[in-house]
Protein chains: 2
Amino acid sequence: MDARVRPFARAETIAVGSEMLALGRVDTNSGVIADRLATLGIDVIARSVVSDHLGHVEIAVRTALQRADVVLITGGLGPTDDDLTRQAVAAAIGREMHEDAEQMARITERFAKRALAMPEINRRQAMVIDGAVRLDNPNGTAPGQWIDLGPQAIALLPGPPREMTPMLDRLVAGVLGARAGEQRTYSRGLKVAGRSESSVEATLQPLYATWRAAALPVEATILALLGRIELHLFVRTADPAAAAAALSRAIAEAATALGPSVYTTTDESLEDLAGHLLRAAGWRVSVAESCTGGLLSARLTDVPGSSAWVDGGVITYSNALKTVLADVPAALIAEHGAVSEPVALALAAGVRDRCGTQVGVGITGIAGPDGGTDAKPVGTVFIALHTPSIVACRHAHFVGDRVVVRHQSVSAALDMLRLALTGHDPVGLAR
Amino acid sequence: MDARVRPFARAETIAVGSEMLALGRVDTNSGVIADRLATLGIDVIARSVVSDHLGHVEIAVRTALQRADVVLITGGLGPTDDDLTRQAVAAAIGREMHEDAEQMARITERFAKRALAMPEINRRQAMVIDGAVRLDNPNGTAPGQWIDLGPQAIALLPGPPREMTPMLDRLVAGVLGARAGEQRTYSRGLKVAGRSESSVEATLQPLYATWRAAALPVEATILALLGRIELHLFVRTADPAAAAAALSRAIAEAATALGPSVYTTTDESLEDLAGHLLRAAGWRVSVAESCTGGLLSARLTDVPGSSAWVDGGVITYSNALKTVLADVPAALIAEHGAVSEPVALALAAGVRDRCGTQVGVGITGIAGPDGGTDAKPVGTVFIALHTPSIVACRHAHFVGDRVVVRHQSVSAALDMLRLALTGHDPVGLAR
């Protein structure tokens, strides 16, 4: 790095795409970029979303260069007429473009591999701005570009997050990291299941003041997400050891205050954790799902390698299948109703027997919008767990629409697995 | 309204506040504004979030005035040092500010009512830009401001949504509505399964020119999403009947060009559509899922009321369960491998028999990251469909990571259901 050049401190993101300006559309890339840049101590000072219009994108780039050291532009690198980010950036910085032969070969090869003819419009994706470094995209046809302007730089990144994120990570590990200053923002977090945001907030409140007043202040943010609460802690310093010590201490204090409702301080998901605990115990799991309709199984098998602990299970959406596939006595359903503790327990026991696994999970409930009654309103869910050492059922009341109730049910089931496998009461903690 | 002045067509929103630049924070005001302006036929062409820095906000305002007819700025109207929207706008348009006596009286009164002394810093909230119209804020201390610049205008609105939204609604009903043209933007769309973005684009390319050259031009945008491609069409006119006719004609032309890969022109999801077609046929479905691990069933049961056509099924993640739960002969698995056409067909037939449904779906494949071989790489998926009238299996090669392969497999299965139920070859179209 050129010693005369000031390190990058301020960044700006531009998301290109008219579709993201519609109601309900969110540009998720900008948050991911802000997060990654924070690790380099680079602040995002502005973010914008701009429609697919050459002039508007060009103005956005010029504006960003007035305020920021580094400008990261996502989207508009596809092959269509709407994809004009390359052109707009070239115009904004007054440079020409050329066709990159190596990139052209890659695109042709990618189509050939899938036995497809390359549409002529894809040539556009081989256009590189003069002086730019091409950034390879193993997950798509649109390469990125990195333009070093001396004291400033511009990155062109693809719009799809699964293409953008790996490319960003390589920039952060490489040229972008090399241009950042000594100060870094370090962060750690923890995740909580089975408690509300306000309950977590109330528990942590007394710790905040201590953290802020410390020699190396620790800043805290709480985030309420579907099925979990996350606590994020940040410190900013040029001393990595001091950062690690301050964050470890604060995380330990928060974990002690919050107790076993904290399921990870190392960013694992509930399904990761349940899976690893099952594997460690040498147990395999099967599930019988009614209202969640396969979502629990889908989440358990989201984890790569999950065939080492998941056998499968049954989806007993109809009452008849509860009997046919999981041996729930029809009389039990008639007596207690399909949404009941005895039926949830029978589903867990039944699927465990059928599949020959050590652990069985049964879920039955009312996800809505229809099917609720005064006695069993929408959101009523029974989740049963049957292991070699415990048989338990949680009677939950979730608040929200169909998507929320189903998602919360699955998270609660995974958390029951986690609690049981770590020697806690799988039902007692929920509040 | 001055007849010489062009009606407002393009708007831009600026949200001021460093706190909104953090990960996981969303600026909800901009979506609400876009929604309200759409009813006036005013398009939001860009939105940005800017940190609380005088120069940055000033640049954002200047930039917006280069592109937009009307600029709506939210936030930064409070009493603290961080609240510098008023100053930034005044600087951007080269005007002074003055203390508004009436507003000062209101603020004083508001504090008096709550028996509080007014902090001196609240005087700042009585500062009004020369020539601006004050917008009353019944829900807070920060008034808004409306600045008529002749051909353009700027609105300063408070950040808290419950203060911003009522003020915006009054603007829309009042001065903003009066400045909007007769023209409104109308839109329609269609969704495509089983084709790539560039294949859709290449098919539609010849139509674009015709649409754009029409007396009432139709603009098109293509969106590539996981498992589907969406085409959005827009026209802008003062004549609702002409809009409907132009959009219908263009949608019909696109649908003809794209053929049966178009699954909806009325915004239905594949799972909605498959469900409604099953119900119309009087058929019930059951599924046997291996690599998708419950995702297909979860998506089928995402649809409210899906118990009318979904019975359930089995998740046969382990080979043993393929035999135990879906009667796939162990010898068949030994001979062809678990990921094979015969096993997919046996899964579909087996689950259909077990569950007593008219339709059975079987999915087996390699979602990755492990398990791929040269003969059957990651992304190899067999999807079998067994109905009273058809038995078919698609051998698919999906490109992407575990999440993508699983999601594409589910979309492909739903699309096979859709095609079979509408009298098309469920396998032949995929490309």
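Me: How many aromatic pairs are there over all chains?
Reply: In this predicted model, the count over all chains comes to two aromatic pairs. One of them joins Y208(A) and W211(A), whose ring centres are 6.0 Å apart.

Me: Why is the pair of Y208(A) and W211(A) called tilted?
Reply: The planes of the two rings stand at 50 degrees, so the pair of Y208(A) and W211(A) is tilted. Planes under 30 degrees apart would count as stacked, and planes over 60 as edge-to-face.

Me: Where do Y208(A) and W211(A) sit?
Reply: Both belong to helix α7 (residues 197-213) of chain A, and because they are three residues apart there, about one helical turn separates them.

Me: Are they buried or exposed?
Reply: Y208(A) is buried, with a relative accessible area of 9%. W211(A) is buried too, at 4%.

Me: And what about Y208(B) and W211(B)?
Reply: Their ring centres lie 6.0 Å apart with the planes at 50 degrees, so this pair is tilted. Y208(B) and W211(B) are three residues apart in helix α7 (residues 197-213) of chain B. Y208(B) counts as buried at 6% relative accessibility, and W211(B) counts as buried at 4%.

Me: New topic: at what angle do helix α11 and helix α13 of chain B pack?
Reply: Helix α11 (residues 319-326) and helix α13 (residues 341-355) of chain B pack at about 35 degrees, and their axes are 9 Å apart.

Me: Which residues meet there?
Reply: From α11(B), the residues include K322(B), V324(B) and L325(B), and those in α13(B) include V343(B), L347(B) and R354(B). The residues of this contact comprise seven nonpolar, two polar and two charged.

Notes. Residues are numbered from 1 along each chain as its sequence is written. Chains are lettered from A and ligands numbered from 1 in the order in which they are written. This is a predicted model: local features need pLDDT of at least 70, side-chain atom pairs count only at pLDDT 80 or more; totals for chains, interfaces and linings use all residues. Side-chain values use heavy atoms; hydrogens and water are left out. Rings of Phe, Tyr and Trp (its six-membered ring) pair if their centres lie within 6.5 Å; planes under 30 degrees apart count as stacked, over 60 as edge-to-face and the rest as tilted. Helices (H or I, at least four residues) and strands (E, at least two) are DSSP runs, numbered from the N terminus. Buried means under 20% relative accessible area, exposed over 50%, partly exposed in between (1.4 Å probe, protein chains only). Axes are lines fitted to C-alpha atoms, for helices over the stretch in contact, and angles run from 0 to 180 degrees between N-to-C directions. Contact means heavy atoms within 4.5 Å. Ala, Val, Leu, Ile, Met, Phe, Trp, Tyr, Cys and Pro count as nonpolar, Asp, Glu, Lys and Arg as charged, and the others, Gly among them, as polar.
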